[in-house]
Structure formats: structure tokens, C-alpha cells
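Here are my comments on the model you sent.

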Amino acid sequence: MTIKIYGMPYSTCTARVLATIAEKEVEDYELVPVDLSVGAHKKPEFLKMQPFGMIPVLQDSHLTIYESRAIARYISDKFESQGTPLFGKTVKDKALVNQWLEVESQNYNPCVSSIVYQLVFAPMHGRQGDETVVKQQLEKLEKVLDIYEAHLSKNKYLAGDFFSLADLSHIPYTYYLVNVAKKGDGITSRKHVSAWWEDISSRASWKTVTAKMNAKV
Amino acid sequence: MASLKVYGKTYSTNVTRVLTTLAEKNVDDYQMVPIDLLTGANKTPEYLKLQPFGQIPAFQDGDFTLYESRAIARYISDKYEGQGTALSGNTEREKALVNQWLEVESQNYNPCAGKIVFECVFAQILAGRPTDEAVVKEQLEKLEKILDVYEARLTHHKYLAGDFFSLADLAHIPVTNNLINVAKKGELFSSRKHLNAWWEDISSRPSWQKVLQIIQAGQQQK
């Protein structure tokens with residue numbers, strides 16, 4: 001088993017990687033738990049692999065890679081010939097996947113991760129969530145989702161008529177927004193965003209990830 | 001008439017990220033179409049058709065439109081693979097490391113450095129308020145820790161992804177120029193030996209020197 005993923009299934013960024021692994025039908029890998037509650041991610045052995053002290057990390061023989069979106073790209077490239085093609089077929093397809101990966105990264109994720117942090121992860125670590133921040137980020141998110149709605153009224157998926165890494169990249173944090181933080185109105189009140197969310201979150205790959213999340217609870 | 005168009009203004013680090021990539025790939029035949037945030041040109045219906053988030057840059061190759069500077073840079077890197085500097089790594093391993101450090105720039109470096117630059121340089125012009133010193137202090141503390149990691153990395157490697165210049169290094173140049181030369185936070189770099197050497201190296205590349213000239217020419221046209 002050459003591939004090891006260091007992380008926890010309940011971590012949104014680890015989940016991004018696990019969903020990619022499932023889409024590419026990769027079975028030969030090991031998930032190595034990193035106990036965040038005892039600060040395992042800040043210990044010297046871990047920092048040698050990931051100097052910023054964050055999960056997930058991938059090891060494939062002598063290669064160590066971190067940053068979930070970079071790991072997802074690596075898996076997508078390495079297993080290009082199997083599972084779901086995650087970058088489309090043409091040069092233009094790939095460019096649009098990259099564009100929407102950046103939109104997720106720069107416009108969508110900062111809002112959603114902030115809301116999820118304040119309402120889910122801060123309380124988990126004994127901290128009070130900041131309602132003002134939640135309100136501000138929800139307002140920003142509304143504007144972003146209007147643009148998604150317009151786009152998805154003309155395109156089944158973000159990069160076009162094919163599911164891609166760009167759609168997948170949205171899943172973990174959106175799952176937490178809708179199902180755990182219970183702030184999914186922005187998603188469910190928009191016809192095409194809602195349909196897109198239903199579609200991508202009911203993929204078999206995501207179901208394997210939520211099964212792992214729930215198994216650990 | 002050039003079939004490549006870059007929409008935006010050169011005061012934007014996202015725009016100059018694209019221009020630097022074009023220069024590294026020896027692509028000269030493109031047109032700059034001014035879209036000035038200060039006049040609201042980014043909010044017109046025509047522009048929003050190209051870039052629905054109303055941000056700069058947008059990019060066109062013939063009738064193919066693309067936005068998000070890092071995605072545009074990847075497209076240029078792929079399209080002009082056979083010329084200029086190889087920017088994405090040659091092996092599976094190199095590509096993976098380039099992607100990793102592009103994400104570090106995107107997720108860790110740019111949010112901190114960008115906020116510091118915004119507060120110190122743009123808060124008055126763009127948000128009509130003075131610098132929020134508390135934000136600057138908080139972000140500087142974060143950035144110090146991030147740059148310690150960079151220093152450790154660059155102690156053992158000439159560039160971020162290894163011994164070759166790549167898009168990962170390039171992506172840092174515009175914001176770092178603002179951080180050091182405009183926001184005057186150069187000490188962050190001059191106090192770290194290998195980080196400083198890396199910055200001297202990448203910022204003296206002909207591609208960035210060319211973009212600096214384009215920026216200066218743009219400023220003189222006001």
C-alpha cells in the first residue's frame with residue numbers, strides 16, 4: 001500500500017481528498033488518523049511532513065504532498081485512466097475546471113468556512129461563535145450564490161455539462177453548512193443551486209465519505 | 001489584432017500575475033483592455049458577462065473567456081508549453097510540488113499579505129477609511145509564522161517546488177512587490193536570509209522587470 005492519507009474523515013479538507021479517492025475508484029490506500037485533540041498535528045514528527053501543522057497530508061512512496069486541493073489534483077492525474085474524469089476532456093474543459101476551482105477557493109470557501117468555523121468548530125473547541133461574523137459572511141455568500149444560480153441555470157455543473165473536481169471541491173464545506181451548521185437556506189432556496197447540491201451530494205463517492213464520518217462519531 | 005486580451009488595470013496584483021506569466025512564456029501578442037475598478041467599469045453589464053463576480057482580470061483567447069488569475073496562468077502555461085520557461089514542472093512529482101506551493105500561496109500567504117497591503121496601501125482609496133492597525137498587527141503575526149516555514153523550505157531548495165522556477169514562485173511576485181516596496185514591510189524578507197535571496201532572484205527575472213515597466217507606463221498615462 002504505497003498511498004497513505006494522514007487526516008480525519010470529519011475534517012472538511014480530509015473529506016475533499018477522500019471524495020477524490022472515491023471518485024477515482026482508488027482502493028489501495030491507508031487512512032492514518034491524526035488525533036487533533038491531543039495536538040498530534042503540531043508534534044515534530046508531523047511538522048516534518050506538513051510544516052504548517054494541518055491535515056490532510058498524502059504520502060506516496062517517497063513523495064509527501066499537502067494542501068487538499070493539490071492532493072486532489074495529484075490523485076486525479078495519477079489515476080487519470082480510471083474512475084470519473086475530473087478535468088473534463090478538452091483544454092477548454094480543463095481551463096474551466098481550474099477557473100471554478102479558483103472561484104471555490106477565493107470566493108466561496110472563505111465565506112462558507114468562516115460560517116462553519118463560527119457555528120461548528122469553534123464551539124467544538126470550547127469557544128463562542130461570533131454571530132456578527134456569521135451574519136456578515138452569510139450576506140457575502142448570498143451575493144456569491146446569486147452568481148452560482150445564474151450560472152447553474154445554464155450549466156448542469158460548474159465547468160459545463162460534466163461533473164468535475166470543481167464541483168467536488170465544494171462538497172465537504174457545503175455539507176457542513178447545510179447539515180451541521182443548519183445555514184443551508186441560501187443553497188436550498190435557489191432552484192438550480194439546490195438541484196446541483198442534491199446531485200453532487202448524492203454521488204456514491206460522497207456517501208462513502210459520510211459513512212466514514214459517521215463511523216468515527 | 002491580438003486574439004489574446006487581458007481585461008483589467010496594472011495596479012491589480014491579480015492582473016500582473018497574468019502579465020508576468022505571459023512574459024515568462026514569451027507571449028507578447030496580447031491586448032490590455034482597461035477595466036478600472038475606481039470608475040466602476042467592472043460593474044457594467046458588458047463586463048459582468050465576462051466576469052460575473054465583477055473582479056479583474058478577465059481573459060479572452062478568441063471567443064473563449066476565462067477568469068481567476070491563477071486559472072488564467074495555468075491556461076497560458078499549458079497553451080504555450082513549448083515556449084518560454086517551463087512553469088508547471090516536468091515529472092509527476094514536480095507537478096505535485098508546484099500545485100502544493102500554489103495552494104500555499106493561495107490559502108496561506110496571499111490572504112495575510114493581501115490584507116496587510118490592503119490596509120496599508122488601499123484602505124483609504126478603495127474603502128474610504130484609514131488603515132486598521134489592529135488588522136495589520138494580527139496579519140503580520142500570522143505572516144511571520146508562515147515566512148518561517150518558507151525560510152526553512154528555501155534553506156534546502158532554491159525555489160519553492162525544488163531547484164526550478166515555477167508558477168508557484170511566480171504567483172507570489174506581485175503581492176510581495178506591494179508588501180515590500182509599497183507597504184514598506186521589507187524587514188519580513190531582509191531578516192530571513194534564504195527567503196530574501198529567493199525574493200532577489202525571482203523579482204529580478206526579466207519577466208517581472210518587464211511587468212514593472214508596464215506598470216510604470218500605466219501610471220504615467222493618468
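1. Start with the core. The largest nonpolar core has 139 residues. A:Tyr148, B:Leu22, B:Leu143, B:Tyr150, B:Leu179 and B:Phe189 touch the most other members. Helix 4 of chain A gives the most to this core, namely 13 residues. Bear in mind that this is a predicted model.

2. Look at A:Tyr148 in detail. Leaving aside residues up to four places away in sequence, A:Tyr148 touches A:Trp100, A:Val103, A:Glu104, A:Tyr108, A:Leu158, A:His170, A:Val193, A:Trp196 and B:Phe53. The list includes a residue of chain B, B:Phe53.

3. Next, the interface. How many residues of chain A are in contact with chain B? The count is 30, and they meet 29 residues of chain B. Between them the two chains bury about 2,800 Å². Carbon and sulfur atoms carry 60% of that area. A:Phe52, A:Gln99 and A:Glu102 supply 20% of what chain A buries against chain B, more than any other three residues.

4. The rule finds one salt bridge across the interface of chain A and chain B. A:Lys94 forms a salt bridge with B:Asp78, and the closest N and O atoms are 3.1 Å apart.

5. Which elements build the chain A side? Strand 4 (63–66), helix 3 (68–78), helix 4 (91–124) and helix 5 (131–152) of chain A each supply at least two residues to the side that touches chain B. Helix 4 gives the most, with 13 residues. By type, the residues of that side divide into 16 nonpolar, seven polar and seven charged.

6. A:Lys92 deserves a look. A:Lys92 sits in helix 4 of chain A. Is A:Lys92 buried, partly exposed or exposed? A:Lys92 counts as partly exposed because its relative accessibility is 41%, between the 20% and 50% limits. A:Lys92 touches B:Asp63 and B:Phe64, not counting residues up to four places away in sequence. A:Lys92 and A:Ala159 are 67 residues apart in sequence, yet 9.4 Å apart in space, C-alpha to C-alpha.

7. Last, A:Thr90. This residue lies in the loop between helix 3 and helix 4 of chain A. A:Thr90 has a relative accessible area of 41%, so A:Thr90 is partly exposed. A:Thr90 and A:Asn155 are 65 residues apart in sequence and 17 Å apart in space, C-alpha to C-alpha.

Definitions and conventions: Residues numbered from 1 in each chain as written. Chains lettered and ligands numbered in written order. Predicted model: local features only at pLDDT ≥ 70, side-chain atom pairs only at ≥ 80, totals over all residues. Heavy atoms only, no water. Contact = heavy atoms within 4.5 Å. Buried area = accessible area lost by both parts, 1.4 Å probe. Salt bridge = Lys/Arg side-chain N within 4 Å of Asp/Glu carboxyl O. Helix = DSSP H or I, 4+ residues; strand = E, 2+ residues; numbered from the N terminus. Nonpolar A, V, L, I, M, F, W, Y, C, P; charged D, E, K, R; others polar. Buried < 20%, exposed > 50% of the residue type's maximum accessible area, 1.4 Å probe, protein only. Core = buried A, V, L, I, M, F, W, Y, C linked by side-chain atoms within 4.5 Å.
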